[in-house]
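Please find below a note on the structure under review. It is arranged as numbered points, each of which may be read on its own.

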Amino acid sequence: MLPSIVSSEIPGPNSKQLAQRLQRVESPGLTYLSADFPIFWEKSSETNIWDVDGNCFLDLNSAFGVSGIGHCNDSVIEAITIQAKELIHGMGDVHPPKIKVEFMEKLLDLFPPQLDQAILSCNGSDACESALKTAQVYTKKPGVIAFEYGYHGLGYGALDLTHKPHFRSKFTERLTEYTFHVPYPNSYRNGSSAGEQSLNFIKEVFHKNKELIGSVIIEPIQGRGGVIVPPTGFLKDLKEFCEENNLLLIFDEIYTGFCRTGKMFAFEEEDVLPDIICVGKTIGGGLPLSACITSSEIMNSWDKSNGEAIHTSTFLGNPLVCAAGLAVIEDLQKNNWHQKNKELGEYLKNKLTELNCEFIGEVRGKGLMLGMELVKDKHNKEPFPQLAEHLMVESLKKGLIVLTCGSQGHTLSFSPPFTITKEEIDFAVNEFSEILKTFIQQNQEDNL
Ligand SMILES: Cc1ncc(COP(=O)(O)O)c(C=O)c1O
């Protein structure tokens, strides 16, 4: 459904009032409150969000990439409603709910047979921490190579992998010296040899710290870092390097997984099978569900539980969440979303490229995971975060929810629900075009 703004301003009066109430009760470090932000959500359906002022928005972000199969998906609602009447909570690793087994079997069926065991969890951060610990118990080495501007969550373990100084700087004393960050291959900024350059950094870091490093963790498309797609062949070369040096290769597919990039998983694009995969977001259909998946050979390095698991959590395998997960898997398979996302992604990418504006440095991405990098100058590629923010704020006023990402917040990220239509895409891109035109006009007048 196309957006419809009915309040005289965005955020509307009810959102503003809620912002004041929230300010009193929530730590100031969380929700960003300003004259332009946020709108408070009241209900949702497929690609749309309604706020507390009756405005209808088009969600071009899937609420952080979560609502892939659409907000309040009917089959998810039905599954959790039925499950809620039977069993809402189980004892994840002591007396587990039956549905946990059913969900894990269906989840693992989506992967090649060698990836046959999993650890369930709630957040992406938890899944990365499971991967980190699994790699440690298997390799007996604490060191990990991770990537600059990679995002793996903010729990202390995951934060160790996450790179952006913004997230780390207050906690550096508590972070370890075992994560080695290297540049993510970025062809837009570093040219056609970006992959080779990145691999050289990896080799250098590894050879200096061989006795420490046991694994490499990478997002197959870097999401929050700016929707950066590595050059073709890079992931294959990385896999080869890992194999030659007995390193475990971990793919963080929390954003890319479950059809978003036009494949069920991004690793399928180049047929590079990692040793460990982290998944989350889309799989829960809006409920908190994540998993770390690997082979039984690697999982067996965990000692058999003696009754007190050394890695678990209270809500692991929660029945309600597993019911949602099963409904999502069925929906993904029934709807062939990977194929549709590939086609629709191309459509959106072409439309964004056709904007052909002097401040758009690059439009990139795969499937429905796209980014539009904004620069002040196409030649020196100086980031333009002010324009990205302007677009985000002005789009919201037109009923479009988009977020910024990238090293300096200068990229607009598009990861809409798979239910988005061409008509909705046309509407959104037309609005961006108008906002950009007005911005350019204003810019010219200011320079006169
Ligand atoms: C690639 C990736 N890994 C991990 C995370 C962390 O997930 P969560 O916020 O659920 O802990 C995110 C969140 O955006 C992500 O994009």
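This is a predicted model: local features need pLDDT of at least 70, side-chain atom pairs count only at pLDDT 80 or more; totals for chains, interfaces and linings use all residues.

1. Domain organisation. The domain assignment divides the protein chain into domain 1 (13–72 + 336–447) and domain 2 (74–335). The contact between the domains takes 37 residues from domain 1 and 34 residues from domain 2. The C-alpha centres of domain 1 and domain 2 are 26 Å apart.

2. Helix α5. This helix covers residues 124–139, and its 16 residues should span 22 Å at 1.5 Å a residue; the end C-alpha atoms are 22 Å apart, so the two values agree. The buried residues of α5 are Ser125, Ala127, Cys128, Ser130, Ala131, Thr134, Ala135 and Thr139. In an α-helix there are 3.6 residues a turn, so residues three or four places apart point the same way. Just after α5, Lys140 adopts a positive phi of about 65°.

3. Helix α14. Residues 385–397 form this helix of 13 residues, which reaches 19 Å from its first C-alpha to its last, close to the 18 Å expected at 1.5 Å a residue. Leu387, Ala388, Leu391, Met392, Val393, Ser395 and Leu396 are buried in α14. The cover over these buried residues includes the strands β3 (56–59), β12 (369–374), β13 (400–401), β14 (403–405) and β15 (411–414), together with the helix α15 (422–447). Following α14, Gly399 has a positive phi, near 95°.

4. Ser395. Ser395 and Phe432 are 37 residues apart along the chain, yet their C-alpha atoms are separated by 7.0 Å. Ser395 has a relative accessible area of 0% and therefore counts as buried, the cut-off being under 20%.

5. His163. This residue is placed in the loop between α6 (156–161) and α7 (165–168). Is His163 buried or exposed? His163 counts as buried because its relative accessibility is 17%, and the limit for that class is under 20%. Beyond its neighbours within four places in sequence, the contacts of His163 are Phe147, Glu148, Tyr149, Gly150, Arg168 and His181.

6. The second largest pocket. This pocket holds about 850 Å³ of space. Its lining consists of 23 residues, and those nearest the centre are Ala118, Ile119, Ser305, Ala309 and His311. Both α4 (98–109) and β4 (117–121) supply at least two residues of the lining; β4 gives the most, with four residues. By class, the lining contains eleven nonpolar, seven polar and five charged residues.

7. Cavities. How many cavities of 30 Å³ or more does a search of the whole structure find? The search finds three. The largest cavity contains about 90 Å³ of space. Its lining is made up of Pro220, Ile221, Val229, Pro230, Leu235, Thr261, Ala266, Glu269, Glu270 and Lys366. Six of these lining residues are nonpolar, one is polar and three are charged.

Notes
Residues are numbered from 1 along each chain as its sequence is written. Side-chain values use heavy atoms; hydrogens and water are left out. On a 1 Å grid over the protein atoms alone, a cavity is a set of points where a 1.4 Å probe fits but cannot get out, and a pocket is an open set with protein on both sides within 12 Å along at least five of seven lines; lining residues have an atom within 4 Å of a point. Grid points are joined across faces, edges and corners, and a volume is the space filled by probe spheres set on the points. Ala, Val, Leu, Ile, Met, Phe, Trp, Tyr, Cys and Pro count as nonpolar, Asp, Glu, Lys and Arg as charged, and the others, Gly among them, as polar. Buried means under 20% relative accessible area, exposed over 50%, partly exposed in between (1.4 Å probe, protein chains only). Contact means heavy atoms within 4.5 Å. The expected span of a helix is 1.5 Å times one less than its number of residues. Domain bounds come from an automatic or database domain assignment.
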